[in-house]
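Work through the exercises below with the sequence and the model side by side. Try each task before you read its solution.

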Amino acid sequence: MAGDRSLTPAAAIVLAWAGLALVNAGCIAARALPNAGLRVRALNHLFDAGQLLGLGLVCGLVVTLWLRLAPRRAWLAPLALSLVAVILALAILAPDLDNFALRLAGRERAGLVDLVLTVALAQAVPLAYLVGRRVARPRIRWIAAAVAAIAALVNTQILPVDYPGVHAFLAWTAATLAAAALAGMQRRWRLSSAARRVTVGVAGIFAIGAVVIDPGNAVRVELTRLDSALLAAHVPPWRAEVDNSQYSHIPIPPELAPWFEWSADASPIAASEPPLLPSDAIVLFFTLDSMRAEVLQNPANRELLPTLHRWRDAGFHVPRAISPSTVTRFTLASLFTGLEVPQLRWARDSATQGSLVKEERPRIADLLTARGVTTVHVISQFELVNHVNKIGRGFSEEIEVPIARGDRLAYAPAVMDAILTRLRQHGDGPLFLFSHFMDAHHPFDSGDRKGRAYARHVSELANIDRELARLDAWLGEAGLWPRTLIVVSADHGQAFGQHGVQHHGGPPYEEQCRVPLIVLGPAVPARESPCDLPLLDLSPTFLDLFGLEAPGWFVGRSLVPALRGESPTCGRPVLSTTWDVFALLLPEGFKILDNRRKRTLEVYDLHADPREAFNVCDTDPAGCEARVGLLRRYLELHGAIATPR
């Protein structure tokens with residue numbers, strides 16, 4: 001790298017991070033920001049560029065100090081880079097791999113597998129350095145720079161709205177590859193020492209400002225939706241801890257006051273009279289993974305889903321029920337315990353993240369089994385096995401559906417075979433059977449494999465619909481319909497590009513937290529709910545159907561009176577959560593989203609803005625504060641704690 005005009009390693013790394021900022025700038029410019037004017041767009045560009053430039057300057061400073069102080073050993077630089085990468089990976093990458101390790105190795109070995117994966121993936125950074133140095137020659141060095149640019153572009157498109165550690169390491173790897181390849185390149189310009197100092201000083205002031213200045217809520221909302229905006233997802237100083245005390249002055253409207261009261265010692269809630277079902281009732285509860293409410297509201301899907309549409313029209317139908325979470329295990333844990341997701345005692349160690357091994361309060365199956373009801377869980381997904389996370393604790397029988405060779409999960413035909421086999425074995429006496437159908441889960445490859453993701457998704461739901469038709473016919477042939485009640489819903493919805501998301505598990509926007517709810521039985525008249533209802537109402541409903549009282553701490557209200565034809569309990573605030581994001585829907589139609597991890601606030605008027613495109617917080621700060629205060633007081637008064645991360 002001799003010569004006055006060669007690009008120094010420090011300059012190369014700064015240039016590489018500036019290249020990442022340029023890629024991000026293109027992505028920001030291409031994004032549809034319906035609620036962002038010119039000011040918000042410009043600040044998105046400035047803060048993202050400044051933060052990435054700051055990372056480049058820090059890396060450049062470290063490289064400069066290394067070259068001046070470290071021993072001159074060729075093998076020492078990649079070794080030191082490997083060590084630094086491992087340390088940072090353990091801090092920011094390992095949490096992103098927890099769930100994958102749990103799926104791969106099970107709870108007992110998840111911690112070890114997580115550690116091995118983290119250390120292994122961290123080696124991408126020193127490997128990129130070695131490859132870059134190998135190709136640091138005229139002509140071919142630009143191939144490495146092009147690969148780095150492609151990697152940076154891919155980084156803006158994959159794993160949307162989550163996995164900040166993965167995004168950070170992919171960006172770091174791309175920058176390292178480009179910098180190592182470009183270092184030593186002969187440059188055609190030359191700056192004097194004074195000009196270099198001024199340039200670095202101005203860049204440093206710009207970067208510091210982008211890191212320490214709070215850009216404002218509107219900019220934070222949009223900036224944190226860009227996954228490759230690395231510091232926005234991790235460490236800006238304006239991400240201070242939330243202080244709930246500042247909202248203690250927010251008044252609770254009198255009509256909402258009863259719903260802001262909660263007590264772990266409240267008296268049990270008696271079962272409805274008279275009973276809706278006979279003493280030997282069969283209650284079948286099915287959740288369909290990723291089925292959002294819109295699917296059953298879209299007339300184009302009637303031909304593909306005839307059974308679900310027929311059941312919808314023949315039973316009690318809640319067009320847009322509100323799921324407790326956009327994550328399967330959170331939703332089912334909430335339904336089985338009758339509590340809001342953040343009220344539960346979640347395990348937080350890496351081996352049992354997202355499990356209820358520490359939650360001692362009874363599950364629905366515990367209570368039913370103790371009163372002589374046969375409870376059966378037909379399991380299609382390993383995370384729902386009781387010994388994995390205790391979410392499905394209390395079932396008297398667990399039937400694990402085998403996964404066929406070549407399949408990635410147990411599909412609807414095999415699940416329905418297991419359900420029908422168990423129903424044929426059942427004689428007299430009450431039965432509660434639950435099963436979760438996984439067919440419609442991303443990546444939508446078990447139905448039609450052509451067409452857009454939405455069409456493939458609906459084709460997978462059609463596979464489940466055919467199996468429900470088989471159940472319907474069998475119940476008629478077996479003469480069991482008079483004593484059977486079927487409940488069909490979903491664990492959460494599914495995004496297809498809305499709010500920058502292509503799947504679920506993200507913030508509880510409408511497409512992810514709204515699900516259909518159908519209750520079908522001979523004693524249930526056909527009607528549609530006049531209001532949206534929380535899916536948590538199912539928890540006391542299942543107990544009520546078997547004549548059992550519900551614990552006083554249950555958040556929901558039994559639907560049995562509504563199933564008889566009475567008016568359901570409307571006018572309630574309803575909570576939906578995921579990870580560190582809390583959303584509260586108010587009866588007036590406003591919805592608040594409080595992202596504790598990214599420190600952003602959003603309020604939407606769903607009557608005027610059903611697509612959640614225009615954040616009220618940007619135009620009505622006082623109204624935003626009042627409604628955010630209601631959300632935080634709701635969490636406080638319900639004894640809620642932060643969900644696991």
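**Exercise 1.** Find how many disulfides the structure holds, and work out the pairing of the bonded cysteines.

*Solution.* Begin with the criterion, by which a disulfide is a pair of cysteine sulfur atoms within 2.5 Å; the structure holds two of them. C531 and C570 form one, with their sulfur atoms 2.0 Å apart, and C617 and C624 form another, with a separation of 1.9 Å between the sulfurs. Numbered in sequence order, the bonded cysteines of the chain pair as 1-2, 3-4. This is a predicted model, in which local features need pLDDT of at least 70 and side-chain atom pairs count only at pLDDT 80 or more, while totals for chains, interfaces and linings use all residues. Residues are numbered from 1 along each chain as its sequence is written, and side-chain values use heavy atoms, leaving out hydrogens and water.

**Exercise 2.** Determine the handedness of each link.

*Solution.* Look at the angle about the S-S bond: for C531 and C570 it is -80°, and this link is left-handed. For C617 and C624 the angle is 65°, and that link is right-handed.

**Exercise 3.** Decide whether C531, C570, C617 and C624 are buried or partly exposed.

*Solution.* Apply the cut-offs for relative accessible area: buried is under 20%, exposed is over 50%, and partly exposed lies in between (1.4 Å probe, protein chains only). C531, at 15%, is buried, whereas C570, at 34%, counts as partly exposed. In the other pair, C617 is buried at 12%, and C624 counts as buried at 6%.
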